[in-house]
Amino acid sequence: MSKKYVVWCNQRKQYFGATHNLKDTTHFKSLNDIKKCLLDYHYDVNENDVKILKTYNAYQIANQFDWEIQEVK
């Protein structure tokens, strides 16, 4: 059975989950999907910061922007 994840936004006090749209209520199927989505979502950071963020894992990126990744049981 594959793992599923949701992302909690501490600032907005709500859950997000999906492979490409944070406002969709379906679950992320991988941490890599979360990483890609968070990078896309935070498109407004400068180019150098994006290069640095791409070296981080999903948990590190989430932490930078006050998000939490939770596994769905």
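Tutor: The side chains of Glu-47 and Lys-51 form a salt bridge, with an N to O distance of 4.0 Å; the term requires a side-chain nitrogen of Lys or Arg within 4 Å of a carboxyl oxygen of Asp or Glu. The model is a predicted one, in which local features need pLDDT of at least 70 and side-chain atom pairs count only at pLDDT 80 or more, whereas totals for chains, interfaces and linings use all residues. Residues are numbered from 1 along each chain as its sequence is written, and side-chain values use heavy atoms, with hydrogens and water left out.

By the salt-bridge rule, the count is 1. Glu-47 and Lys-51 lie 4 residues apart in helix H2 (residues 47-53), so about one helical turn separates them. Helices (H or I, at least four residues) and strands (E, at least two) are DSSP runs, numbered from the N terminus. Glu-47 is exposed, at 60% relative accessibility; exposed means over 50% relative accessible area, buried under 20%, and partly exposed in between (1.4 Å probe, protein chains only).

Helix H1 (residues 31-41) has Asp-33, Ile-34, Lys-35, Cys-37, Leu-38 and Leu-39 buried. Their cover includes strand E1 (4-9), H2, helix H3 (58-64) and strand E3 (67-72). At the start of H1, a side-chain oxygen of Ser-30 comes within 3.4 Å of the backbone nitrogen of Asn-32.

Lys-35 is buried but has no salt bridge, and its nearest side chain of opposite charge, that of Asp-40, is 12 Å away; Lys and Arg count as positive, Asp and Glu as negative, and His and the chain ends are not counted. The Lys-35 side chain instead reaches the backbone oxygen of Lys-54 at 2.8 Å. Beyond neighbours within four places in sequence, Lys-35 is in contact (heavy atoms within 4.5 Å) with Leu-53, Lys-54, Tyr-56, Ala-58 and Ile-61.

The structure also holds 1 aromatic pair. Tyr-41 and Trp-67 form this pair edge-to-face, at 5.4 Å centre to centre and 90° between the planes. It joins distant parts of the chain, since Tyr-41 belongs to helix H1 and Trp-67 to strand E3, 26 residues apart. Rings of Phe, Tyr and Trp (its six-membered ring) pair if their centres lie within 6.5 Å; planes under 30 degrees apart are stacked, over 60 edge-to-face, and the rest tilted. Tyr-41 is partly exposed at 29% relative accessibility, while Trp-67 is buried, with a relative accessible area of 4%.

Notes. Polar contact = N/O pair within 3.5 Å; in protein donor to acceptor, adjacent residues only side chain to side chain.
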